[in-house]
Every structure is written in C-alpha cells, then in structure tokens.
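Good morning, everyone. Please have the sequence and the 3D view open while I talk.

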Amino acid sequence: MQKQKDEVRARIVDAATSEFTQYGYQKSSMRRIAQRAHITPGNIYAYFGGKQDLFDYIIGPTVQQLDDLIFSISKGKTISLPTIEQMTDAIAHIFLCNRTQFLILMQGSEGSRYEHIRSHVVDIAARRISDELMPYLSPGSDQSLLAETLAVSMVHGVFHILNRFEGDADTLHTVLRRFLILMLQDIDARM
C-alpha cells in the first residue's frame, strides 16, 4: 500500500514539475497537474495542501541550498583564486543537481512566495560583500552602494549564466570561474 502511495506522490511531483516548468507558478493549474498525473484533482490534496505546498515541496530544497551556499561559501576568507574556485564548484554543483528546479525558481516563481528570490539573494550577498570584502578596498564615499552594486552584478550575472547555459559541466565551470574572476579580481591584489 505504501509503495502505491509513494508512486502516486511521485507522479504528482513529476506532473507538477512539468507544469511549473511550462507555465510557471502563477499560471499553473491543479487540474492540469492532476490530468498529467492521471488522478483526480481532489486526490492531489490527499498529498499536498495546495499549489503553494506542492511548489514548496519541489522548489524548497533548492532554495535552501542557495541560502546555505551564500551564507557559508568562503565565509571569512580572503578572496583569492582558490576561494573563487570553491565558489565556482559550489554554484555549478547546486545548479547541475537541481537544474529544473533552479530554472523554475528563476523563470516561473511569480505569484509564489519565492517570486523575490533574486532580491533575497542580492541582499544576502551585499551584506557579505560589505562585511567581508569592502575592508580590503580603499575607503570610498559610499561603501554600501559599492557593495550593493557588486552584489547585484554578481547575482544577476550568475543567474544569467545559469539561465542561458546549454553546455556541459566543464563549460559551465569555466564560464562561472571566468565571470567571478572578472568581478572579484580587484578585491585581492594577490590574484
């Protein structure tokens, strides 16, 4: 009996993933998800509380990995080629393991509680840049503006790369690494 329930849940998740990929959260339909899963719409509610709950189930782990990445990667270390390599490896790994969920998050989260995920990531990155990287630069008139601008550029640049990426893992790694080096090369003169 449990195997049958697990199978139905898996069909719902697969159908919802396809639906969210095609239509995004806002335009997705529980009726179409049920049709794709070959069940009745009411049966979905035996497994999930609603569309947002289903979206959370699919997207939530990827969001958590993104938060963990931003909070932990190279924390407290000086920016250098090894730390950029560590950032590149972590970003590429999360993306390659969660590509569909990541693309849904970036392109189809409008109307969900994740619709402002880019702003959330930029805010976290700006705080880290301000706390950890700005002290290495000569004092300027508005360090917070510089930190925010660098965060916006980096986050949107990385998201753009991931959104447009169609190659293999090595190519992704190379493009991300080159981008991060270009963005961060003046932070530490040792690079």
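I start with a definition: rings of Phe, Tyr and Trp (its six-membered ring) pair if their centres lie within 6.5 Å, and planes under 30 degrees apart count as stacked, over 60 as edge-to-face and the rest as tilted. With that rule, ring pairs link F20, Y25, F55 and Y114 into a cluster.

Before going further, some ground rules. The model is predicted, so local features need pLDDT of at least 70 and side-chain atom pairs count only at pLDDT 80 or more, while totals for chains, interfaces and linings use all residues. Residues are numbered from 1 along each chain as its sequence is written, and side-chain values use heavy atoms, with hydrogens and water left out.

Now the overall picture. The protein has 9 helices and 0 strands; helices (H or I, at least four residues) and strands (E, at least two) are DSSP runs, numbered from the N terminus. Of the 191 residues, 45% are buried. Buried means under 20% relative accessible area, exposed over 50%, and partly exposed in between, with a 1.4 Å probe and protein chains only. Contact means heavy atoms within 4.5 Å. Among contacts with a separation of 6 or more, 69% are between residues 24 or more positions apart.

Back to the rings. The protein has 8 aromatic pairs by the rule I gave. One of them is F20 with F55, which is edge-to-face, at 4.8 Å centre to centre and 90 degrees between the planes. F20 sits in helix 1 (residues 2-27) and F55 in helix 4 (residues 51-72), so this pair links distant parts of the chain, 35 residues apart. Both F20 and F55 are buried. F55 also pairs with Y114; that pair is tilted, at 6.1 Å centre to centre and 40 degrees between the planes. Why does the pair of F55 and Y114 tie together parts that are 59 residues apart in sequence? Because F55 lies in helix 4 and Y114 in the loop between helix 6 (99-107) and helix 7 (117-133). Y114 is buried too, as is F55.

Next, helix 6. Its buried residues are F102, I104, L105 and M106. They pack against helix 1, helix 4, helix 5, helix 7 and helix 8 (143-164).

Now a helix pair. Helix 5 (residues 81-97) and helix 9 (residues 169-184) pack at about 135 degrees, with their axes 9 Å apart. Axes are lines fitted to C-alpha atoms, for helices over the stretch in contact, and angles run from 0 to 180 degrees between N-to-C directions. Helix 5 and helix 9 are therefore oblique to each other, since angles under 35 degrees count as roughly parallel, over 145 as roughly antiparallel, 65 to 115 as roughly perpendicular and the rest as oblique. The residues in contact include L81, I84 and E85 of helix 5 and A169, L172 and H173 of helix 9.

Finally, two exposed residues. H38 lies in the loop between helix 2 (30-37) and helix 3 (41-44). H38 has a positive phi of about 60 degrees, although it is not a glycine. Is H38 buried or exposed? H38 is exposed, with a relative accessible area of 67%. D131, in helix 7, counts as exposed at 59% relative accessibility. D131 and S144 are 13 residues apart in sequence and 9.7 Å apart in space, C-alpha to C-alpha.
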